[in-house]
Amino acid sequence: MASEDTKSGSEHVAYFRDAFNKEIKDCKDSVDTRDVERLMNDAEYATLFLNWSKSDEDAVNLAVKCLKWRLTKKVNDLTIENIGEEAFKAGHLFLLGQSKKGSRILHFRTGMLDKKDRERSMNLLIFWLERIQRKEPGELITFIMDTTGTSMRNSDMAFTTFIIECFTTYFPSMLERIIIYNLPTLLNSIWKLVSKMLSAEQREATVLCGKEGLKQYIDVENLPESMGGKVNFEYSFPPFPDDLDNDQ
């Protein structure tokens with residue numbers, strides 16, 4: 001999505017910041033001051049909302065909604081320690097390879113999760129998206145939701161919806177595509193329910209596919225062997241098995 005306004009970059013950001021401040025002047029306790037400071041001082045962060053919205057008004061409303069959510073989720077305070085190091089060692093989430101369009105690929109092995117750990121799984125996803133967006137603001141990612149091993153016992157419609165909302169609302173200008181990979185046939189009915197709750201834009205950004213369909217979006221040189229690719233990948237932590245923390 002892109003803003004309709006034709007102001008120059010600096011003018012546009014200044015206009016957006018002024019409108020945002022007016023919008024939250026009576027509800028400043030509902031946002032984290034660290035996020036407000038970031039929005040006011042980091043032009044790249046402010047631009048994410050402008051680029052993701054159809055109008056300036058939409059961008060302001062999105063920023064207010066996002067910053068309120070960030071406070072409720074305590075995004076700025078999420079750490080490996082308070083999420084739990086064992087969650088990172090389990091290898092549910094990792095970066096590996098690039099899509100055909102050149103975006104990083106974030107893999108999420110949702111088939112390994114348990115419903116009772118939903119809150120921790122949400123925090124784990126938030127941590128990763130925050131880590132990526134702070135390191136590479138404005139860069140898109142392809143998100144593979146690997147449902148291999150999922151059963152009715154651990155399928156979670158609410159969590160699937162949460163994943164999509166993260167990309168469409170809470171981490172703007174980040175998503176190239178969500179790929180729901182290897183969805184078991186018995187869960188098709190659940191996906192149909194989820195898809196009905198999505199906007200047209202959310203549905204357009206989401207695809208379902210198996211090994212062959214995956215090659216339409218990602219070359220085999222960038223896929224692990226388990227997905228029909230050529231990469232011999234074995235997850236380990238610590239440290240993170242990627243180059244995101246390397247000096248640019």
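Start with the salt bridges: there are 19 in this structure. A salt bridge is a side-chain nitrogen of Lys or Arg within 4 Å of a carboxyl oxygen of Asp or Glu. The model is predicted: local features need pLDDT of at least 70, side-chain atom pairs count only at pLDDT 80 or more, and totals for chains, interfaces and linings use all residues. Residues are numbered from 1 along each chain as its sequence is written, and side-chain values use heavy atoms, with hydrogens and water left out.

**Stop 1: Asp-77 and Arg-34**

Select Asp-77 and Arg-34. Their side chains form a salt bridge, 3.0 Å from N to O. Asp-77 sits in the loop between helix 4 (56-72) and helix 5 (80-83), and Arg-34 sits in helix 2 (residues 33-41), so the bridge ties together parts 43 residues apart in sequence. Helices (H or I, at least four residues) and strands (E, at least two) are DSSP runs, numbered from the N terminus. Asp-77 is partly exposed at 37% relative accessible area. Arg-34 is partly exposed too, at 39%. Buried means under 20% relative accessible area, exposed over 50%, and partly exposed in between (1.4 Å probe, protein chains only).

**Stop 2: Asp-243 and Arg-104**

Now select Asp-243 and Arg-104. The closest N and O atoms of this salt bridge are 2.9 Å apart. Asp-243 lies in the segment after helix 11 and Arg-104 in strand 2, so the pair ties together parts 139 residues apart in sequence. Arg-104 is buried, at 18%.

Next, select Asp-35, Arg-38, Arg-70, Glu-130 and Arg-134. Salt bridges with shared partners join these residues into one network.

**Stop 3: the nonpolar core**

Select Phe-88, Leu-106, Leu-125, Trp-128, Leu-129 and Phe-143. These have the most contacts inside the largest nonpolar core, which has 46 residues. Such a core is a set of buried Ala, Val, Leu, Ile, Met, Phe, Trp, Tyr and Cys residues joined through side-chain atoms within 4.5 Å. Helix 7 (residues 118-135) gives the most to this core, with 8 residues. Another core lies apart from it, with 20 residues, including Phe-16, Leu-50, Leu-62 and Val-64.

**Stop 4: Thr-110**

Finally, select Thr-110. It is in the loop between strand 2 (104-108) and helix 7. Thr-110 is buried, at 7% relative accessible area. Which residues does Thr-110 contact, leaving aside neighbours within four places in sequence? They are Met-145, Asp-146, Thr-147, Thr-150, Phe-159 and Ile-163. Contact means heavy atoms within 4.5 Å.
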